[in-house]
Amino acid sequence: MVRALILTGFGINCEEEFAAAYRMAGAEPTIVHLNQVLHGQVSIHDFDTLNFPGGFSFGDDLGSGVVLANKLRYRQTGANGRTLLDDIKQFIADGKFVLGICNGFQVLVKLGLLPNLSGEMTPEVTLTHNASGRYEDRWVTLRVNPKSHTPFLKGIDTLEVPVRHGEGRLVISDAAIQQRIETGGFNCLSYLDASGDGTDIYPFNPNGAALNCAGLTDPTGQVFGLMPHPEAFLSAYNHPDWARRRRQNPSATEEGEGLQIFKNIVEHIAHTRTAVASVTEFAIQK
Ligand SMILES: NC(=O)CC[C@H](N)C(=O)O
C-alpha cells in the first residue's frame with residue numbers, strides 16, 4: 001500500500017480533501033498534526049509521499065506560508081540539532097515525493113524546495129498578493145507543460161480546477177532563474193484563456209503570475225506544488241457546469257479531473273516498488 005502523510009495544524013484546512021483524494025487513488029492517507037512530526041512522534045520516513053495542504057497557516061501573517069516554512073527550516077526536532085527540513089532533504093534524496101497545494105505550495109516556495117534549481121533549498125522565486133488585490137475564488141483551466149517530466153502530471157494535457165487564494169502571483173525577479181525554469185519546463189502548469197492559449201489576462205490568469213504559471217516542480221520532478229486545488233475536483237459533480245458537461249458527453253467518467261494527479265503518483269510509486277521487488281527477487285534467485 002502506498003502511504004501518504006498529510007500534515008495539518010496551525011490553520012491548514014484542506015487535509016480532509018487531500019486524504020479523500022489519496023483514498024480514491026488507492027493509497028492509505030494519514031493526517032497528522034505538524035507538532036507530532038516536530039516532536040518525533042511520527043516519522044516522515046515511514047511514508048511514500050509528504051503532503052502540504054491548503055489553508056491559512058498562521059493566519060497568513062508575514063505572507064502566506066512564511067511562518068510555517070520558517071518552522072520547518074529552523075525548529076529543531078531533537079537534541080541533535082536536526083530540523084524537519086533536514087529530514088525532508090533526506091526524504092527527497094531517498095526518491096520520495098512531496099506535494100504542496102495552495103498554502104502548501106506557498107510553503108514549498110518560501111522554503112526553497114521549489115523550484116530549487118541550486119539544490120541548496122534557498123528561496124529563488126516568491127508567491128505574493130494577486131494582481132487584482134483580491135482573494136480569487138473561481139475555476140481556471142490549466143495546461144501541462146509538455147517539457148515537464150514529473151510523474152504527478154503524466155498523461156495530462158489540460159484540466160479544469162478551482163482556485164481560492166489571495167497570494168498566488170508567482171514573481172521571478174531574476175532573469176537567469178526565469179530562463180532556467182523555462183528551459184527545464186519546471187513551470188509545469190499554465191493558466192489558459194477561453195481559446196486554450198496561455199494567458200496573463202484576468203480572470204483566466206487569476207493572479208497575474210509570471211510565465212502564466214500555476215505550478216512548479218523541482219528539477220527531479222519529485223517535488224510539485226500548485227496554486228489551484230485538484231483535490232477539490234475528485235467527482236465530476238464538483239464542477240459548477242457538470243450538468244452541461246454530462247449532457248455533452250453522457251459516457252464520460254464520473255471522476256473529477258483533479259483525481260488523475262493523485263492516481264498518477266500512487267501508480268508511479270506502486271509500479272516502481274514492483275519493479276524493484278522483481279529485480280531483487282531475480283538477484284536472489286541467481
Ligand atoms: N486556499 C489556500 O490554501 C489559500 C492560501 C493562502 N491563505 C492565500 O490566501 O493565498
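# Aromatic pairs, ligand shell and backbone geometry

Phe18, Tyr22 and Phe262 belong to one aromatic cluster. The model is predicted, and local features need pLDDT of at least 70, side-chain atom pairs count only at pLDDT 80 or more, and totals for chains, interfaces and linings use all residues. Residues are numbered from 1 along each chain as its sequence is written, and side-chain values use heavy atoms, with hydrogens and water left out.

User: How many aromatic pairs does the structure hold?

Analyst: Rings of Phe, Tyr and Trp (its six-membered ring) pair if their centres lie within 6.5 Å, and planes under 30 degrees apart count as stacked, over 60 as edge-to-face and the rest as tilted. The number of aromatic pairs in the structure is 9.

User: What is the angle between the planes of Phe10 and Phe58, and how many residues apart are they?

Analyst: Phe10 and Phe58 are stacked, at 4.8 Å centre to centre and with 20° between the planes. With helices (H or I, at least four residues) and strands (E, at least two) taken as DSSP runs numbered from the N terminus, Phe10 falls in the loop between strand 1 (3–8) and helix 1 (15–24), and Phe58 in the loop between strand 3 (49–52) and helix 3 (66–74).

User: Which accessibility class do Phe10 and Phe58 fall into?

Analyst: Buried means under 20% relative accessible area, exposed over 50%, and partly exposed in between, with a 1.4 Å probe and protein chains only. Phe10 has 27% relative accessibility and Phe58 has 25%, so each counts as partly exposed.

User: What is the centre-to-centre distance of Phe18 and Tyr22?

Analyst: Because Phe18 and Tyr22 are 4 residues apart in helix 1, about one helical turn separates them. Both residues are buried. Their rings are stacked with 15° between the planes, and the centre-to-centre distance is 6.2 Å.

User: Which residue's ring face does Arg3 lie over?

Analyst: A charge sits over a ring if NZ of Lys or CZ of Arg is within 6 Å of the ring centre and within 35 degrees of the ring normal. Arg3 is placed 4.5 Å from the ring centre, over the face of Phe47.

User: Which elements give two or more residues to the shell around the ligand?

Analyst: A residue is near a molecule if one of its heavy atoms lies within 4 Å of it, and of the 14 residues around the ligand, Gly55, Asp60, Cys102, Arg164 and Gly166 come nearest. A ligand nitrogen atom is 2.8 Å from a polar backbone atom of Arg164, while backbone N or O atoms lie 3.0 Å from a ligand oxygen atom in Asn103 and 2.9 Å from one in Gly166. Taken alone the ligand exposes 300 Å² (Shrake-Rupley method, 1.4 Å probe), and the protein buries 98% of that. The elements that give two or more residues to this shell are helix 5 (103–110) and strand 7 (158–165).

User: Which residue makes a side-chain polar contact with Glu136?

Analyst: Glu136 is in strand 6 (residues 136–144), and counts as buried because its relative accessible area is 1%. A polar contact is a pair of N or O atoms within 3.5 Å, where within protein one must be able to donate a hydrogen and the other to accept it, and residues adjacent in sequence count only if both atoms are side-chain atoms. At 2.8 Å, the side chain of Glu136 is joined to that of Arg138.
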